[in-house]
Amino acid sequence: MRVIVCENYEEMSKVAANMVAGQLLLKPESVLGLATGSTPIGMYEELVRMNKAGEADFSKAKSFNLDEYYPLAPDNDQSYHYFMNEHLFSKVNIKPENINIPDGTAKDVQAECDSYEQRIAQAGGIDLQILGIGNNGHIGFNEPEEALHSRTHLTDLTEDTIEANARFFASRDEVPRQALTMGMASIMGARKILLLISGKGKHAPLKAVLSGKITTSVPASLLNLHADTVVITDRAAYEG
């Protein structure tokens with residue numbers, strides 16, 4: 001695990017964006033695993049700028065998002081479909097048919113999860129996976145549990161995660177209680193992983209990851225087992 005400590009959020013976002021752009025330069029048809037939440041927004045803004053400047057080309061790339069709230073329609077302004085379109089997809093030259101996000105309205109949830117895994121496999125696997133981290137150490141919506149799911153699945157959100165995400169909704173009561181998410185094996189199968197961690201509030205989970213101890217009570221700690229994980233963090237998160 002390699003750790004890059006940046007002075008601030010802006011620098012962290014640019015470093016991450018440059019790595020994504022570099023991946024696309026080396027392999028234009030790259031399969032990108034993408035994350036939502038507040039942390040990657042700066043990276044997406046920089047990638048939009050780079051795309052407009054001809055420095056990042058998404059025309060041959062494919063994307064798979066980590067997760068989606070359930071049950072939430074794509075046009076709901078709190079859905080991750082909406083988030084990704086707002087912050088990236090509508091502003092860069094990625095082809096709509098190359099965008100993959102779990103269907104938060106699926107009637108047959110297991111069939112949707114199986115289909116998502118099949119689509120990842122058919123695309124050749126994920127080349128570069130972007131991750132954020134939850135206050136409780138979750139990645140995607142793989143919450144701390146004694147046993148973690150390996151593949152895409154429907155999961156119940158913990159009270160900590162519901163509380164953390166309430167700021168994006170009009171009220172806490174509106175936060176969905178479930179989500180579709182890639183599992184740990186889905187994430188660990190990526191050839192390269194970028195874990196973005198920003199802000200003093202994320203010092204504790206970052207410290208837990210960097211301790212080297214591996215426990216399902218901090219799902220992100222399993223990234224220590226991955227052959228090519230890069231942690232990009234700002235000084236506020238690193239020093240607490």
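**Reading ring pairs and strand pairing**

In this predicted model, the count of aromatic pairs comes to 5.

Me: What describes a pair of aromatic rings?

Reply: A pair of aromatic rings is described by two values, the distance of the centres and the angle of the planes. Here, tyrosine 69 and phenylalanine 141 form a tilted pair, with 5.8 Å from centre to centre and 40 degrees between the planes. Tyrosine 69 lies in strand 4, whereas phenylalanine 141 lies in the loop between strand 6 and strand 7 (153–156), so the pair ties together parts that are 72 residues apart in sequence.

Me: Is tyrosine 69 buried or exposed, and what of phenylalanine 141, buried or exposed?

Reply: Because buried means under 20% relative accessible area, tyrosine 69 is buried at 2%, and phenylalanine 141 counts as buried at 3%.

Me: How do tyrosine 69 and phenylalanine 169 pair, and what is the angle between the planes?

Reply: Tyrosine 69 and phenylalanine 169 form an edge-to-face pair, with 5.7 Å from centre to centre and 75 degrees between the planes. Phenylalanine 169 lies in the loop between helix 5 (159–165) and strand 8 (178–181), and tyrosine 69 in strand 4, so this pair ties together parts that are 100 residues apart in sequence. Phenylalanine 169 is buried as well, with a relative accessible area of 10%. Ring pairs link Tyr69, Tyr80, Phe141 and Phe169 into a cluster.

Me: Now to the sheet: in what order do the 7 strands stand?

Reply: Strands of a sheet pair through backbone hydrogen bonds, either parallel or antiparallel. In this model the 7 strands form an open sheet with parallel pairing, in the order 1-10-9-6-2-3-5. Its edge strands are strand 1 (2–6) and strand 5 (99–100), each of which pairs on one side only.

Me: Which residues does the cis peptide bond join?

Reply: The cis peptide bond joins tyrosine 70 and proline 71, with omega about -5 degrees, and proline 71 lies in the loop between strand 4 (67–70) and helix 3 (80–87).

Note on methods: Residues are numbered from 1 along each chain as its sequence is written. This is a predicted model: local features need pLDDT of at least 70, side-chain atom pairs count only at pLDDT 80 or more; totals for chains, interfaces and linings use all residues. Side-chain values use heavy atoms; hydrogens and water are left out. Helices (H or I, at least four residues) and strands (E, at least two) are DSSP runs, numbered from the N terminus. Two strands pair if DSSP finds at least two bridges between them. Rings of Phe, Tyr and Trp (its six-membered ring) pair if their centres lie within 6.5 Å; planes under 30 degrees apart count as stacked, over 60 as edge-to-face and the rest as tilted. Buried means under 20% relative accessible area, exposed over 50%, partly exposed in between (1.4 Å probe, protein chains only).
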